[in-house]
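I'm jotting down what I looked up, one entry at a time.

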Amino acid sequence: MEMITEAKMERIYVGGLNPPHLTPSEVVKYIKKIDGIEIMSVDMNDNKTFVHFDACSLKEGETAYEIVAKTYNKRKWKGCRLVVQVAKIPFLKRLEHERQEKIDREAELNNTTTSSSALPRH
C-alpha cells in the first residue's frame, strides 16, 4: 500500500444528527465500513449534532468526501437528515498555517532586499 500524504487527506463534516436517536459514534461505526476510504482520526462527542473526521481515499480518481457524500449525504436515517460537507480547517491549524506563510513572506522579502543591496551602484 502506498504512503498516505496530507494532500490526499480530507477533513469531513457529517451533520444533522440528533442524539439520542442518532449519535456520532453510530455514524462513525458505519462510515468506517465504507470501502475505499481510510479514517485517520475522529473528533466527536456523543452529545453533539455533528462529527468531524479525517479520511483518505483509497480509490484512484475519487476523493474521500465524494465517497462518503455518495453514501450518506441527504440520507434520512433514524429520523435525521444527514449532511456531508468538506469541513473547515480548525482555527488553530489555520492560524499556524497563516503564521508560517507570514514567516515565509518575510524571509523572501529579506532575501530580495539582501540580494538587491549586494548589487553594485553606479
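Predicted model: local features only at pLDDT ≥ 70, side-chain atom pairs only at ≥ 80, totals over all residues.

**Entry 1: the aromatic cluster.** I went for the rings and found Y30, Y72 and W77 linked into a cluster by ring pairs. Rings of Phe, Tyr and Trp (its six-membered ring) pair if their centres lie within 6.5 Å; planes under 30 degrees apart count as stacked, over 60 as edge-to-face and the rest as tilted. Residues are numbered from 1 along each chain as its sequence is written, and side-chain values use heavy atoms, with hydrogens and water left out.

I counted three aromatic pairs in the structure. For Y30 and W77, the ring centres are 5.2 Å apart and the planes stand at 85°, so I logged the pair as edge-to-face. This pair links distant parts of the chain, with Y30 in helix α1 (residues 24-31) and W77 in strand β4 (residues 76-77), 47 residues apart. Helices (H or I, at least four residues) and strands (E, at least two) are DSSP runs, numbered from the N terminus.

**Entry 2: around Y30.** Buried or exposed, I wondered about W77? W77 counts as buried because its relative accessibility is 19%, whereas Y30, at 36%, counts as partly exposed. The cut-offs are under 20% relative accessible area for buried, over 50% for exposed, and partly exposed in between (1.4 Å probe, protein chains only). I also spotted the charged end of K33 over the ring of Y30, 5.0 Å from its centre. To sit over a ring, NZ of Lys or CZ of Arg must be within 6 Å of the ring centre and within 35 degrees of the ring normal.

**Entry 3: strand β1.** Next I checked β1, which is mostly covered, with five of its seven residues buried. β1 pairs with strand β3 (residues 50-57) in the antiparallel sense over seven bridges, and E10 stands opposite A55 in β3. Four bridges join β1 to strand β6 (residues 83-86), also running antiparallel; there, Y13 has Q85 as its bridge partner. Two strands pair if DSSP finds at least two bridges between them.

**Entry 4: R11.** R11 lies in β1 (residues 9-15), and at 17% relative accessibility I have to call R11 buried. What does its side chain make a polar contact with? I found the side chain of D43, at 2.6 Å. A polar contact is a pair of N or O atoms within 3.5 Å; within protein, one must be able to donate a hydrogen and the other to accept it, and residues adjacent in sequence count only if both atoms are side-chain atoms.
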